[in-house]
Amino acid sequence: MNGRNFCPPKGTLIVVGEDYGTEIDAKTGKQTKADAGLYLSAKQIGERLKLRENKLLETVLKHHQKVQAGPADNQIHNGSKVDQGNAPTVAKELKAAGMEFVNSDKSPGSRVTSAQLMFDRLHATKTQDPSKPHIYFFKSCRFAIKTLPFLQRDDDQPDAVAKGPDDHAWDTLAYRLTWKRPVTVVQQGIW
């Protein structure tokens with residue numbers, strides 16, 4: 001930051017990377033179709049995420065030894081109670097590729113809580129309030145930067161973010177904001 005030290009308040013989130021999993025037009029560098037995935041298997045997604053994580057560890061996070069597992073949508077564990085826990089799950093496939101995640105908080109009211117936490121962080125960042133945690137995004141997080149400002153309020157719960165297309169970056173942040181975690185430096189998230 002222009003040769004100055006950057007020392008954000010305790011608890012600040014700094015979003016350094018993302019993997020949106022969408023097709024990008026080679027000529028324009030833009031998404032070819034909104035809210036369309038790459039149709040990859042869980043194993044392929046895990047391998048893709050591990051490559052991105054390793055790249056971040058070599059560059060932006062080069063002073064960190066590892067990335068601690070962060071929260072993901074709990075649906076990745078679906079099937080874990082089938083066949084005495086031997087049934088395949090997305091979580092097992094991701095773990096086999098070196099990517100492990102913990103459960104997110106999807107309890108009643110968690111969407112309202114996460115929205116309030118985000119609003120508080122955004123306000124603290126805007127006003128540079130040193131007593132509250134901030135949130136910052138690296139420019140490389142272009143899908144989060146592109147989609148978050150256009151999210152709408154939920155019609156049934158005005159204090160929550162509405163579910164809908166291109167809310168994946170929001171879901172990842174919401175899981176992280178409401179996560180009760182052990183103290184660590186770096187986390188990962190997935191929607």
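Predicted model: local features only at pLDDT ≥ 70, side-chain atom pairs only at ≥ 80, totals over all residues.

Q: Ok, what does Arg48 form a salt bridge with?

A: With Asp19, and the closest N and O atoms are 2.8 Å apart. Asp19 sits in the loop between strand 1 (13–15) and helix 1 (42–58), while Arg48 is in helix 1, so the pair ties together parts that are 29 residues apart in sequence.

Q: And is Asp19 buried or exposed?

A: Buried, because its relative accessibility is 18% and the cut-off for buried is under 20%.

Q: Which other residue does Asp19 form a salt bridge with?

A: Arg52, with the closest N and O atoms 3.1 Å apart. Arg52 also lies in helix 1, so this pair ties together parts that are 33 residues apart in sequence. Arg52 itself is partly exposed, with a relative accessible area of 38%. Put together, Asp19, Arg48 and Arg52 are linked in a network of salt bridges.

Q: How many salt bridges are there in the whole structure?

A: Seven, going by a search of the whole structure. One of them is between the side chains of Asp73 and Lys106, at 3.2 Å from N to O.

Q: Where are Asp73 and Lys106 in the chain?

A: Asp73 is in the loop between strand 2 (71–72) and helix 2 (90–96), and Lys106 is in the loop between strand 3 (102–103) and helix 3 (110–127). The pair links distant parts of the chain, 33 residues apart. Asp73 counts as buried at 13% relative accessibility, whereas Lys106 is partly exposed at 42%.

Q: Switching topic: how many residues does helix 3 have?

A: Helix 3 has 18 residues. From its first C-alpha to its last it reaches 26 Å, close to the 26 Å expected.

Q: Which residues of helix 3 are buried?

A: Among them are Ser110, Arg111, Ser114, Ala115 and Met118. Further along the helix, Arg121, Ala124 and Thr125 are buried too.

Q: Why would residues three or four places apart point the same way?

A: An α-helix has 3.6 residues a turn, so residues spaced like that end up pointing the same way.

Q: What do the buried residues of helix 3 pack against?

A: They pack against strand 1, strand 4 (135–137) and helix 5 (168–177).

Q: What comes after helix 3?

A: Gln128 follows helix 3, and its phi is positive, near 55 degrees.

Q: New thing: how many disulfides are there?

A: The count comes to zero. As for individual cysteines, Cys7 counts as exposed at 73% relative accessibility, but Cys141 is buried at 0%.

Q: Last one: which residues make the nonpolar surface patch?

A: That patch is made by Phe6, Ile14, Val60 and Phe138, and its area is about 310 Å².

Q: Where is Phe138?

A: Phe138 is in the loop between strand 4 and helix 4 (142–147). At 32% relative accessibility, Phe138 counts as partly exposed.

How values were computed:
Residues numbered from 1 in each chain as written. Heavy atoms only, no water. Salt bridge = Lys/Arg side-chain N within 4 Å of Asp/Glu carboxyl O. Helix = DSSP H or I, 4+ residues; strand = E, 2+ residues; numbered from the N terminus. Buried < 20%, exposed > 50% of the residue type's maximum accessible area, 1.4 Å probe, protein only. Expected span 1.5 Å × (residues − 1). Contact = heavy atoms within 4.5 Å. Disulfide = S-S within 2.5 Å. Patch = residues over 30% accessible without salt bridge, like charges linked within 9 Å, V, L, I, M, F, W, Y side chains within 5 Å. Areas by Shrake-Rupley, 256 points an atom, 1.4 Å probe, with all protein chains shown as cover.
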